[in-house]
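Let's take a quick tour of a protein model, one topic after another. Keep the 3D view open while you read.

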Amino acid sequence: MLLHPGTTFVEDDRFPIQSPNVEPAVDEDLSDEQAAVLDHVLLDYAGPDAICDFALYAGYFDEKDRGRSSGFREPESTWYQGRLNYVLLSGELADCTFAAVRRRWGDVHFTELSYLWARDHSWFLASTADTCVTVVGCDDGLAAALLAEPLLNPHEWIRG
């Protein structure tokens with residue numbers, strides 16, 4: 001797991017983090033620097049052409065027009081509407097990273113990469129809205145690469 005700015009690791013086998021939440025509540029996203037390092041590690045590990053699926057948080061989009069009034073136009077996307085709304089898309093990893101999402105949809109308010117996973121299910125990451133941690137499920141090779149990057153504030157967590 002990768003801790004976002006202000007988050008601390010605590011010994012708790014249920015979910016070992018302490019959120020930086022204070023009044024008013026704030027849950028920090030990955031910093032731009034952390035996102036760049038995470039993108040680099042994923043691209044080095046899987047390769048830019050790896051086919052991935054990803055979900056963008058779309059909780060503030062108008063559901064009636066699927067975000068068009070907010071400037072979001074993706075006719076090839078699949079929408080999951082429920083308690084939280086997500087837009088599901090697929091593509092090559094080079095087009096699915098944090099930087100790629102910010103370049104493509106950065107001007108669309110409240111659009112963020114929440115889930116990203118390899119099509120072959122060999123790894124996944126979850127960096128959901130309103131949380132202060134990014135969880136990565138992967139093999140030992142990717143885990144070692146992530147743990148070797150101190151800027152990511154990585155911690156091994158094996159629930160058990």
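Two rings of Phe, Tyr or Trp (for Trp, the six-membered ring) count as a pair if their centres lie within 6.5 Å. With that rule, a search of the whole structure, which is a predicted model, turns up two aromatic pairs.

**Aromatic rings**

- A pair of aromatic rings is described by two things: how far apart the centres are and the angle between the planes.
- Tyr57 and Tyr86 make an edge-to-face pair, with 5.9 Å from centre to centre and 65 degrees between the planes.
- Tyr57 belongs to strand S4 (residues 51-57) and Tyr86 to strand S6 (residues 86-92), so this pair ties together parts that sit 29 residues apart in sequence.
- Are these two tyrosines, Tyr57 and Tyr86, buried or exposed? Both Tyr57 and Tyr86 are buried.
- Ring pairs also bring in Tyr115, giving a cluster of Tyr57, Tyr86 and Tyr115.

**Glu112, a charged residue inside**

- You'll find Glu112 in strand S7, which covers residues 112-118.
- Glu112 is buried but has no salt bridge.
- The nearest side chain of opposite charge belongs to Arg102, and it is 8.2 Å away; a salt bridge would need the charged atoms within 4 Å.
- Which residues does Glu112 contact, leaving aside neighbours within four places in sequence? They are Asp29, Ala55, Leu56, Tyr57, Ser127, Thr128 and Ala129.

**Ala129, in a loop**

- Ala129 sits in the loop between strand S8 (124-126) and strand S9 (133-137).
- Ala129 has a relative accessible area of 17%, and buried means under 20%, so Ala129 counts as buried.
- Not counting residues up to four places away in sequence, Ala129 touches Tyr57, Glu112 and Ser114.
- Ala129 and Ala58 are 71 residues apart along the chain, while their C-alpha atoms are separated by 9.7 Å.

**Cysteines without a bond**

- A disulfide is a covalent bond joining the sulfur atoms of two cysteines.
- How many disulfides does a search of the whole structure find? The search finds zero.

Note on methods
Residues numbered from 1 in each chain as written. Predicted model: local features only at pLDDT ≥ 70, side-chain atom pairs only at ≥ 80, totals over all residues. Heavy atoms only, no water. Helix = DSSP H or I, 4+ residues; strand = E, 2+ residues; numbered from the N terminus. Buried < 20%, exposed > 50% of the residue type's maximum accessible area, 1.4 Å probe, protein only. Lys, Arg positive; Asp, Glu negative; His and termini not counted. Contact = heavy atoms within 4.5 Å. Phe/Tyr/Trp six-rings, centres within 6.5 Å; stacked < 30°, edge-to-face > 60°. Disulfide = S-S within 2.5 Å.
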